[in-house]
Amino acid sequence: MANSGNQNRPPGPGPNSADFSQVPNLLVYNPPRKEDFPPRSSNWRHGLKNILLSVESNNNQQTDTNPIVLFKNEKYVCTYDMYPKAKYHVLLMRRTNKLNIEDNNNNNLSRINTLNDLEPTHLHELREFHTLGKNIAS
């Protein structure tokens with residue numbers, strides 16, 4: 001009997017699952033001023049956490065009112081980098097909003113602290129994250 005290669009593959013999205021890999025038709029790269037970012041942190045991880053917290057604290061406002069946000073949806077946020085290393089440099093992060101924190105699904109990437117925490121059940125969300133990143137870049 002031939003091995004189909006799909007035996008270890010986690011189940012894909014269900015028929016009613018949302019597609020979080022879509023972006024608006026037109027994203028305009030317009031980097032904010034340094035003053036628009038949260039205060040600098042001594043550690044880059046704390047800095048990213050501060051950026052996420054500032055995005056979540058403005059959760060009820062539209063994206064265009066928060067100058068550090070290029071794009072966001074219910075699951076992900078794409079922000080400008082405070083210290084860009086390229087002509088176009090953005091950060092794509094998993095949001096930490098209440099919707100995601102209360103998600104009891106163990107496939108949730110918001111529970112991953114290191115690469116060692118990844119499991120095959122996270123593959124769907126990693127693919128979704130990758131697709132979103134490619135869509136933002138194109």
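First, the ground rules. The model is predicted, so local features need pLDDT of at least 70 and side-chain atom pairs count only at pLDDT 80 or more, while totals for chains, interfaces and linings use all residues. Residues are numbered from 1 along each chain as its sequence is written, and side-chain values use heavy atoms, with hydrogens and water left out.

Let me start with the layout. The protein chain has three helices and three strands. From the N terminus on, the order is α-β-β-β-α-α. Helices here are DSSP runs of H or I with at least four residues, strands are runs of E with at least two, and both are numbered from the N terminus.

The chain has 138 residues, and 28% of them count as buried. Buried means under 20% relative accessible area, exposed means over 50%, and partly exposed is in between, with a 1.4 Å probe and protein chains only.

Next, the charged pairs. Side chains of opposite charge can pair when their charged atoms come close. A salt bridge here is a side-chain nitrogen of Lys or Arg within 4 Å of a carboxyl oxygen of Asp or Glu. How many does a search of the whole structure find? The search finds four salt bridges.

One of them joins E128 and K75, at 2.7 Å from N to O. E128 lies in helix α3, residues 123–137, and K75 in the loop between β1 (69–72) and β2 (76–80), so the pair ties together parts that are 53 residues apart in sequence. E128 is buried, at 7% relative accessible area, and K75 is buried too, at 13%.

Another joins E125 and R94, with the closest N and O atoms 2.3 Å apart. E125 lies in helix α3 and R94 in strand β3, residues 90–94, so this pair ties together parts that are 31 residues apart in sequence. Are these two partners buried or exposed? E125 is buried at 6% relative accessibility, and R94 is buried at 11%.

Elsewhere, salt bridges that share partners join R33, E35 and D36 into one network. Within it, the side chains of D36 and R33 meet at 2.8 Å, N to O. D36 is partly exposed at 24% relative accessibility, while R33 is exposed at 52%.

Now the strands. Two strands pair if DSSP finds at least two bridges between them. β1 and β2 pair in the antiparallel sense over three bridges, and a hairpin of three residues joins them. Across that pairing, F71 stands opposite C78 in β2. On the other pairing, β2 and β3 run antiparallel and are joined by five bridges. There, the partner of C78 in β3 is L92.

What about the two faces of β2? In a regular strand the side chains alternate between the two faces of the sheet. In β2, Y76, C78 and Y80 lie on one side and V77 and T79 on the other, and all are buried. Five of the five residues of β2 are buried, so the strand is largely enclosed by the rest of the structure.

L92 in strand β3 is partly exposed, at 21% relative accessible area. Leaving out residues up to four places away in sequence, L92 touches Y76, V77, C78, F129, L132, G133 and I136. L92 and Y76 are 16 residues apart along the chain, and their C-alpha atoms are separated by 7.0 Å.

Last, the largest pocket. Its space is about 1,400 Å³. Of the 36 residues that line the pocket, W44, R45, L48, L52 and M93 are the closest to its centre. A pocket is found on a 1 Å grid over the protein atoms alone, as an open set of points where a 1.4 Å probe fits, with protein on both sides within 12 Å along at least five of seven lines; lining residues have an atom within 4 Å of a point. Grid points are joined across faces, edges and corners, and the volume is the space filled by probe spheres set on the points.

Which element gives the largest share of the lining? That is α1, with 10 residues. α1 (44–57), β3 and α3 each supply at least two residues of the lining.

Methods: Contact = heavy atoms within 4.5 Å.
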